[in-house]
Amino acid sequence: MGESQQAAGRVEWPAAAECPGAGATGYPSAEETELLQRWNSLATGFRDLTDQLLADAQREIGLPPSLLEVLCFLATAPEQAAPMRLVAQTLGFSTAGTTGVVDRLADAGLVERRPSSSDRRVTYAALTPQGRERATATARVFADSVRRRVVKPLGDEGFASLAGAFATLGLAGDSCAADEPAAHS
């Protein structure tokens, strides 16, 4: 991979028809290869963009990315609290990973655990007053980075279109709406 491609974090693939095995029996067709290459570029780009946004916030706030993600999530959650399982699900953390991150935030005095008033199996991660201040600062830095790195290049309509496309696919929505587990029948 050339230096300019490495610097940009992008891989330039050969045309699908030039890929070894494309269209051969047992291999993806040229059309499938091109489709999958586009998907891989999209997935890689989204991960890279998320890493850049978190790095911007980390430089200014001084916390590791996983803690920043939880603070940003809780800053926008109803009452600045969310069930631990929702934190894990929304941020793609394992149960153990979520417990570890919340432990670190609790040790720093930024988060506390609260039992659910309606289901004793559910524990909430909730921002403390100090956590609200830090989460607000984190959210502002992150939002500024989103404006600079995403909204400015795409424009307001392009960003709205991108968000709408994810919503259409069912990949984005109000993750805070389901804050209690469904009742068992």
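Start by selecting helices α2 and α6: α2 passes α6 in a right-handed crossing. Keep in mind as you look around that this is a predicted model. In α2 you want residues 30-61, and in α6 residues 129-168. Their axes sit 9 Å apart, at an angle of about 135°, so α2 and α6 are oblique to each other.

Now show the side chains where the two meet. On the α2 side, pick L49, Q52, L53, L54, D56, A57, R59, E60 and I61. On the α6 side, the partners are R134, A137, T138, V141, F142, S145, V146, R148, R149 and V150. Colour this contact by class and you get ten nonpolar, three polar and six charged residues.

Next, zoom in on D56, which lies in helix α2. Is D56 buried or exposed? D56 counts as buried because its relative accessibility is 8%, against a cut-off of under 20%. Bring up R59 too: a polar contact of 2.4 Å joins its side chain to that of D56. Leaving aside neighbours within four places in sequence, D56 is in contact with V141, S145, R148 and R149.

Last stop: select α4 (residues 84-91) and α5 (residues 95-107). These helices pack at about 110°, with axes 9 Å apart, so α4 and α5 are roughly perpendicular to each other. Their crossing is right-handed. To see the contact, show M84, V87 and A88 of α4 with T98, T99 and V102 of α5. By class, that makes four nonpolar and two polar residues, with no charged ones.

Definitions and conventions
Residues are numbered from 1 along each chain as its sequence is written. This is a predicted model: local features need pLDDT of at least 70, side-chain atom pairs count only at pLDDT 80 or more; totals for chains, interfaces and linings use all residues. Side-chain values use heavy atoms; hydrogens and water are left out. Axes are lines fitted to C-alpha atoms, for helices over the stretch in contact, and angles run from 0 to 180 degrees between N-to-C directions. Helices (H or I, at least four residues) and strands (E, at least two) are DSSP runs, numbered from the N terminus. Angles under 35 degrees count as roughly parallel, over 145 as roughly antiparallel, 65 to 115 as roughly perpendicular and the rest as oblique. A crossing is left-handed if the near helix is turned anticlockwise from the far one by less than a right angle, and right-handed if clockwise. Contact means heavy atoms within 4.5 Å. Ala, Val, Leu, Ile, Met, Phe, Trp, Tyr, Cys and Pro count as nonpolar, Asp, Glu, Lys and Arg as charged, and the others, Gly among them, as polar. Buried means under 20% relative accessible area, exposed over 50%, partly exposed in between (1.4 Å probe, protein chains only). A polar contact is a pair of N or O atoms within 3.5 Å; within protein, one must be able to donate a hydrogen and the other to accept it, and residues adjacent in sequence count only if both atoms are side-chain atoms.
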